Amino acid sequence: MIGQRKMGLSMSASVATLIWAAGLGGQIVHAQSNAEVVIEEVVVQGSRLPASIESMPGSVTLIDEEELNKQLSVTSDLEAILGQLVPGMGTSSASPANFTTSLRGRKPVFFIDGVPVTPTLNDVGRELRLIDPAIIKRIEVVRGSSALYGNSAGAGFINYITGAGAKGDTTFSTEVGTQFSLTDIGNGFRPSVRQSISGGDGAFDYQVSGYYEKVGGFFDADGDRIAPIPNGFSGLADSEIYSYYGKFGFEFAENQRIEASINKYRQKQDTDYKLLAGSVADGVKATAIPKDASDTEEADQFHENLVGTVNYSHGDVFGSNLNVQAYYQKSKSVFEYLATRFPLTSKPSAQSDTDSEKYGFRLDLRTPLDFLSEGAELLWGADYLHDDTVTGLVDGREFAPTQLLKSRAVFGQLTMPLFDRLSLTAGIRHEKADLTIQDFTSLFTLAEITGGTLKYSATPVNVGLTYDVSDSINLFAGFSQGFEVASVGRVLRSYPVDVNVNILAPKPNLIDNYEAGVRANTGAVSAEFAVFYTTSSNGLAFSPDPNNPKDNVIETRTADKVYGFEFSMNAELSDTWRTGGSYTWLEGKEDRDLDGDYELFLQHRRIPPRKLTAYLEHDISSDWRVRVQGLYSGSRKKFPGSTAFWEGDVNSWVTLDVSIVGEVGPGTLTVGVNNALNTDYYTHISETAQRDDRYSKAPGATGTIKYRINY
């Protein structure tokens, strides 16, 4: 059943706010800025995509700065933004945690300027809370795999490209605003301030920005406070967020540039509330109540991330375009406190944390191969990653074994026109890694884990064709492979008996992707339709051999398949009216005994319900724009009677967002309402987990108002 709509006070407030803003739009004329306009843009580093996505034999979504800003008018949640704009992407969990983020049935790999920020050794599920969305210049979403990046697990990758400086006079930008609950006006405010500076002269350019936000409570459609940890993984309510970012570039000699960047993001929660469990069986939602003196945590929950890069590019190295990047990433997360997590130990209470430190380099060369075919190009290079991850408890104990990963890879990706309208893309990547695991004692079972070094390698390939039927219609078809390796650390932290890790042999699970589709672009109308099929036959789990538990393990392998289709469309109805939307349907099954019969549906953690999005946009005048967008998430009920985690029934719901943006005085005013119909619904993650302490509803109607001035 579609989520109920609460149409009382909050809807009146939503409508009144927008009417007030529209009234201003009729009174205010555009004011000229006294700052110098941008003279020259600087090339943005960090992307390995070709210049034209029409040459790629697969589905790609590019979200530019303008489109991203439209979404930021109603929400700062990147998971919600991607769910609205990207076919095949699941919907938001309404929390910082993204363990259930799904792109075509698998979790994608995330990058910032090409730096891999998805944890390789312990998934902390925070990739959508690593960066201030306002500093993103472009988001690249590639479904499926390629030789460009490793360990993509077959789902694809999402790359946040940050903005560079712009040469010209120094420009300042100040933005102040707040988000606020429309179902509890007094307690749901999220005031924020953002300041940026950019400019450059001659060979030098720069951009620096800082952001601060004080997050209050979240409230559902009834006006009830949502638990600060709504689904057991992490929470955003009652937090402070700060971020700073800088990018500095210098051009020298001929066709050469060096660029350095730093990005720091931190979110820390300090709340006076705790969860009051609901009842899945009785349909009673979880809520929040004040803490009392007996409620203690060892540390506040928080997440912080630091990414630093240095890039060097040369436009002509023996005919090739060269780009070299060195990077460093450090992240730390503190999670939920549990009073009885380790009952076999003298201290059963625990609060886990994870420290991860990465560094590495990326080498790219783009070499023209016109002797093969005019326009042919080879992108080739190498990657190196060093990842040191410590998963422990805030009291100093070890929660999982300390792990060190050293990964090396070489790759090549060829793009070559074969005939006048037919082009070939083919690539190969060879990756080798050493995973060193330290000795460890499991707090769950007290089993002694003897460490060692595990080695693995994989060589995924991809090949595809594109065919231009006409100047406006393009066909594509492709095959690609991704791979994943079993999370050994997660297995070992609760292993039931003593074991030596050297007896494990975690072979990579190669995932095959097949895709075909059509793109059309007539100028006023653009559309894309794609069908896809993904299969995996080497999913791996470990369990002890009951006859020889210390020296032997039993490998359990499973197969699965995911299939579906996506459609997206955008149209300019006139000079002032635009519309569009998308539809996604996918399904997945697994074969646990490898008999060729896919008898079980994949859990909701991987397979979201069907999704329909739509928008209508109108330029009221040259200075004012209004946008209405909706999202329908369908139902999925594949496990009748099951009480297992990730198998709860998922019900359908509809949300509507409204925003209006225009010039007021010397700056830009933005007013938006997320979930403007105040739909009363549970998030996908709350329903499918079907646990009383995770059964929280989604936020009700939420307003945004902000004002930005450039000078």
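Asp238 sits in the loop that runs between strand β10 (204–214) and strand β11 (239–252), where helices (H or I, at least four residues) and strands (E, at least two) are DSSP runs numbered from the N terminus. The model is a predicted one, in which local features need pLDDT of at least 70 and side-chain atom pairs count only at pLDDT 80 or more, while totals for chains, interfaces and linings use all residues. Residues are numbered from 1 along each chain as its sequence is written, and side-chain values use heavy atoms, with hydrogens and water left out.

Asp238 is buried, with a relative accessible area of 15%; buried means under 20% relative accessible area, exposed over 50%, and partly exposed in between, with a 1.4 Å probe and protein chains only. Most residues other than glycine have a negative phi. Asn255, which is not a glycine either, has a positive phi of about 65°, and its place is the loop between β11 and β12 (256–269). Asn255, however, is partly exposed, with a relative accessible area of 47%.

From these loops we can turn to a strand. Val310 belongs to strand β15 (residues 302–317) and is partly exposed, at a relative accessible area of 41%. Leaving aside neighbours within four places in sequence, Val310 is in contact with Ile258, Glu259, Ala260, Val324, Gln325 and Ala326, contact here meaning heavy atoms within 4.5 Å. Asn231 is 79 residues from Val310 along the chain, and the C-alpha atoms of the two are separated by 38 Å.

Another loop, between β5 (115–116) and β6 (136–143), holds Leu128, which counts as buried because its relative accessibility is 5%. Not counting residues up to four places away in sequence, Leu128 touches Leu78, Glu79, Leu82, Asn98, Thr101, Phe110 and Tyr160. Thr118 lies 10 residues from Leu128 in sequence, and their C-alpha atoms are 9.7 Å apart in space.

Aromatic rings are the next topic: rings of Phe, Tyr and Trp (its six-membered ring) pair if their centres lie within 6.5 Å, and planes under 30 degrees apart count as stacked, over 60 as edge-to-face and the rest as tilted. By this rule the count comes to 20 aromatic pairs. One of them is the tilted pair of Phe110 and Tyr160, with 6.2 Å from centre to centre and 45° between the planes. Since Phe110 lies in strand β4 (residues 109–112) and Tyr160 in strand β7 (residues 156–162), the pair ties together parts that are 50 residues apart in sequence. Phe110 counts as buried at 0% relative accessibility, and Tyr160 counts as buried at 0% relative accessibility. Elsewhere, ring pairs link Phe529, Tyr563, Phe565, Tyr583 and Trp585 into a cluster.

Among the contacts in the protein chain with a separation of 6 or more, 69% are accounted for by residues 24 or more positions apart.
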